[in-house]
Each structure stands twice: as C-alpha cells, then as structure tokens.
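User: Could you take a close look at one helix for me, and then at the packing and backbone around the rest of the chain? Here is the model I have in mind.

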Amino acid sequence: MIPARYAATRFPAKLMQDLGGKSVIRRTYEATVNSGLFDSVYVVTDSDIIYKEIASNGGKAIMSVKEHDCGSDRIAEAVEDMDVDIVVNVQGDEPFTDRESLEKVLSVFYAEDSDKVDLASLMTPMDDWDDIMNPNSVKVIVDENNYALYFSRAPIPYPREKEINHVYHKHKGVYAFRKQALLDFYHLPMRSLEASEKIECIRYLEYGKNIKMIETSHEGVEIDTPEDLERAKKIINKENPLITKSINTPVIQTTNHRNFPMVPKVVFGKGCFNQIGKILSDKRNGIAPFVYLIDSVFENNTSFIEERLSLSSTDEIIYVSTAEEPKTSQVDEIVSKIKNSYQFIPSGIIGIGGGSILDLSKAVAIMLTNPGSASEYQGWDLVKNKAVYHVGVPTISGTGAEVSRTTVLTGPERKLGINSDYTPFDQVILDPELIKDVPKDQWFYTGMDCYIHCVESLDGTYLNAFSQSYGEKALDLCNEIFLENNLSKEDSDAKLMMASWHGGMSIAYSQVGVAHAMSYGLAYVLGTKHGIGNCIVFDKLGEYYPKGVEVFKKMKDYHGINLPEGICANITEEQLNTMTTVALGLEPLWENALGPDWKSKINASKLKEIYRSL
Ligand SMILES: [Fe+2]
C-alpha cells in the first residue's frame, strides 16, 4: 500500500512532480509492482489527481473516505475489509524503492523471532554529519537484536563523547505490518511523543509494540524538497541518459487508457416510451418486481406516465420529490424501503425524471446489491458488486445523467458521485415527447447545464479528440436550440435530448470546469439545484470563459430568463468558507479549467469574491 497525500506541507504536490517523464508517484508505484513481491499494490490517496494519475496508467488506486493524520491511518482504512495477512507501507515519495529492501523487510515475518514482531521497518547507516543534524532525516536507535528503541529528528544518540564511534542510522519509511498491528494503530490515539516529533512509528513504541529494524545499504532518494527532486533527476539521467535530452521531445507512453463502459441499449424517438412494457418483459425475474422511481411532478398527472406502464401486481411506483439535490441518505432510505417491502431483489429499477431522479435510480440500483451506506461508495471505483438492472427515462434534458458513469450525490461529508463501471444504465429510453411540458425556466436551466458542459470541456486542458467530437456537436445543437428561431418545438426537444447525450459523452473522457466546481459549493451549502446553480455562477465567469459567457448572456436575454440575484448576500463567513473548500477540493475540475499550475491562478479569496457577487 502506498499512501499518497497531494498537499505535502514542505513540498506541495511533490508526488506529481515530473521525474524523467513520469510523476514521482507513478515511479514509486511501478518500482513497487516491479519488485514482484506482492499479490497486490495500491496507491491510497485523498486526491483525485493522484487517483487519476495511477488509474489512467493502468494501476490500482483507492480514494480514502476519511481525512487522515498520517499514511498508516490512510492505509489502515483501505485494508480494513481486505483479506490480507501482511501489509507493506511503501512511501509515495520513494521512487527508487528496490526489491532487495522490500524483500528484507518481509523476511522478518519468516524469521525465528517473528512471533515477537509487530512490525518491521528499514534503516540505513549514515555518515554525513549534515545529514545526521538535518531534522528531515529521521534517526533511529536499536537494541542488540535490532528492535527499535526510539526514533527522532534530533541526532540520537547525542555525540557528547566524540571518540565513541557510534554508527548513526536513518529510518527509511518502509514498514511491514501484521494487519492487526496496523488496525490497532489506526484505533489508538496519538500521544505526545509522536505529536511532538511528527514521526508516526513512535506511536507503536508508545504503546509497547516491537519494531524490528532491518539494515539496508540501499540509499534511494526520498523526495522531501525541490533539491531532493533535482538529485533524483540526476540519478534517473545516469540510469537512462536518453531521458536527459527529452525535455522537449514527447515521451512515448505505453499508458493504459481508461476503459469506459457505455449504455449498451438505447431506444430513441417520439412515442418510444410506449415500448417500455415490451422492453422490460424480457428482464423480469419471476415474481421479483420492477420498482419505478418517478419525479413527483408526475404524481398528479398519472395518465402521462402510469397509463403507459404495464405494471404487474407486485411492481411499485415510488414518487420522489426533487426539490433538493439527491442525497446519500435519500438513497439509503429508498433502498431500505425496497428491501423491507420485498423478499426478492427487484428485477429492475426504472428512473423516470430529470438528472436527480436518474442519479438516484443509478445509486439505488447499486445499493441494492452492495452493503452499507451510499456514502461509502462516493468516489471512483469503490463499488464491488454489479448493480440491479436499471433503466433511465429522462423527462428533462441537459444534465447528461442518462449517459454518464456517475451519480452525483450529496453525502454527509461531500458532494461527489458514485463513479463506477456498474453505474451506467443498462437501458435508456429517449422519448422527446416526455420533455415537451417542462416549464420554460427549468428547460432553460437544465439545457444550459449541457451548454456549460460543452464550454468547459472544449475550453479545458484535458481536451482530446474523443471529447471534442461530442462537445462540438452538442454545442452546435445548443446554439440551434437556444439562439436560432427556426426549429419546431418537436424538433427542438428531440435535438435537446441528443445535445444532452453528446454533452454527457464529451465530459466522460474529460472534465467540467470552474462553473461546476463553484456550483457544487453552492449546492453543498445552500442546496442550490445543479442547473440553476451553474447558470448563476457561469453568468459571472466572463474572465474564465469570455466567449462562452457572452453567448450564454445572449441566450438568457433571448428567452427572457431572469436569474436570481443576491443568493450569497446573507451567508455567514463559515458558510462561505465551506463553499470555497468544497469547490477548491474538486482538483481535476480546476486542473482541466486552468492547467496544471491552477493553484497559482485561483485561491480561496478570489473564489469568495466571486461567490459574494452571486
Ligand atoms: Fe452538469
């Protein structure tokens, strides 16, 4: 397990620094995999950027669910439910991790005194006095059997008697634990020695655990400072002189690109919703029911939807209010209601409504076959079991939820999707007739979500031919629908349905940007719905998307839309802080919008200024 925090205090974003054509974290990951010693290797991270870096290059990464003080806590959370006996913690900033050292640390668990060992770690002799005095180098002292006595940033022992030729040892951040020792650590509170030195393995000593130290001569380089990075680059260049010359030459990468699932079946056309009975009949498992989640706006208009469904006696319709953005608690509630009503897992979940209902339906389908709460699956690829068959029927278009691999949900700790291979619908029914009665404001706000997807994707640094081809088509359709006046209502609805689909596809292989990041902040704190939130924010983003915002304002005027004003006028400083934190936490969105050095272009006070203007 390689714990990897994005925001290192001493050297921010150090794990994403380039080291001979690959990031530091990727080099560490590959060196660990190449040792051939492990059944599995994972990077455990709090950062979307690091997650993406590993996953998009064919590696395995896990997003930590909780905030953690140290790397061990981060990996403890990740292994808690894994079936493992020995866990090795490899530091993310050690790109030259070698097989020999890892082998040595593992050998402890096969040695004679292995019963006594709670964990094992590495040390290397040091003779450079500057290094010995440097608080960034952690020193360790051991007893006669090489069990650790203490770790410190101070030179231990203190060299009062100069004649004593003590060999100092530097601690190397590689640990091997028995799983139980790791979990114990996770549940024990930090004490003052650890807190004072900021060295996590002191916690074990403070609780009387035995740490067996193994000596290795392998020096390696820990990337703690920009100078360390320069040293590491020199080593890489020595190993592979070709790389030095390649500063401006594109590196040919044998990367594994992300392999996305798509919606396997889609039916399109006016009136195609009437075929739903036939489509579902093949999917019915005996008497296991179909459960319909339908937007409560249709509750008093049953003829529109219900009469066209061929319900069997066990099927159920649950009307869901979409006054607020969908929440993980709402998903959990619906899942437990379904589980309590039926002995069987349903034959399928059918979502009929706008983006919220579609996201909710995807999440419910997943949670019927996966234990725990929906909030445990917010993130990338955390879903373990295939979802129940699920069908999406949009009745408002623009969000792209019908085609996306995510379900955006507000949880107790964050607003984040359940993004997994099991999320996309098994079937989508695109009937333009279903969107014909959407109230004008809502039609505009949701349609603009699609328009903003296109602008943010096409203007982003992640842009590629895949995203561009869908984004450009969707943008053309939006211009036709919202700016030109020569479409019949029927054509316009059909085109908006396809614009939404294409806009969703465009961001599948890229990202959204500033408006979405800020709109997520609004939604988290004020519950502002996605479409209108995007519009309120986008209207003020001329600095970031000049052309896109200009056209947006034309569309708004053309349709006589008045956006709410002053929505942040009465919010507290604390709310403003939360909003800003939520928005800035969406790192890939900012990186897509502003480039890899986005942190130099946007900060909390700038964001607050924009929020205050809304
Ligand atoms: Fe969106």
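**Helix α17 and its surroundings**

Helix α17 covers residues 489-508, and its 20 residues reach 29 Å from the first C-alpha to the last, close to the 28 Å expected at 1.5 Å a residue. That expected span is 1.5 Å times one less than the number of residues. Helices here are DSSP runs of H or I with at least four residues, strands are runs of E with at least two, and both are numbered from the N terminus. Because 15 of its 20 residues are buried, α17 is largely enclosed by the rest of the structure. Buried stands for 20 or more other C-beta atoms within 10 Å of a residue's own, exposed for 12 or fewer, and partly exposed for anything in between, with C-beta atoms placed from the backbone.

Please keep in mind that this is a predicted model, where local features need pLDDT of at least 70, side-chain atom pairs count only at pLDDT 80 or more, and totals for chains, interfaces and linings use all residues. Residues are numbered from 1 along each chain as its sequence is written.

Now for the wider setting. The domain assignment gives domain 1 (2-244), domain 2 (265-435) and domain 3 (440-612); such bounds come from an automatic or database assignment. Between the C-alpha centres of domain 1 and domain 3 there are 42 Å.

The largest nonpolar core has 101 residues, and L293, V331, A363, V364, I366 and C478 have the most contacts inside it. Domain 2 and domain 3 both give residues to this core, so it lies between them. A second, separate core has 55 residues, including V24, A76, L102 and A181. A nonpolar core here is a set of buried Ala, Val, Leu, Ile, Met, Phe, Trp, Tyr and Cys residues joined through C-beta atoms within 7 Å.

Finally, some backbone details. The peptide bond from I156 to P157 is cis, with omega near -5°, and P157 is found in the loop between β9 (148-152) and β10 (168-178). N146, in the loop between β8 (139-142) and β9, has a positive phi near 65° without being a glycine. D381, also not a glycine, has a positive phi of about 60° and is found in the loop between β16 (379-380) and β17 (390-394). N146 is partly exposed, with 17 other C-beta atoms within 10 Å, and D381 is partly exposed with 18.
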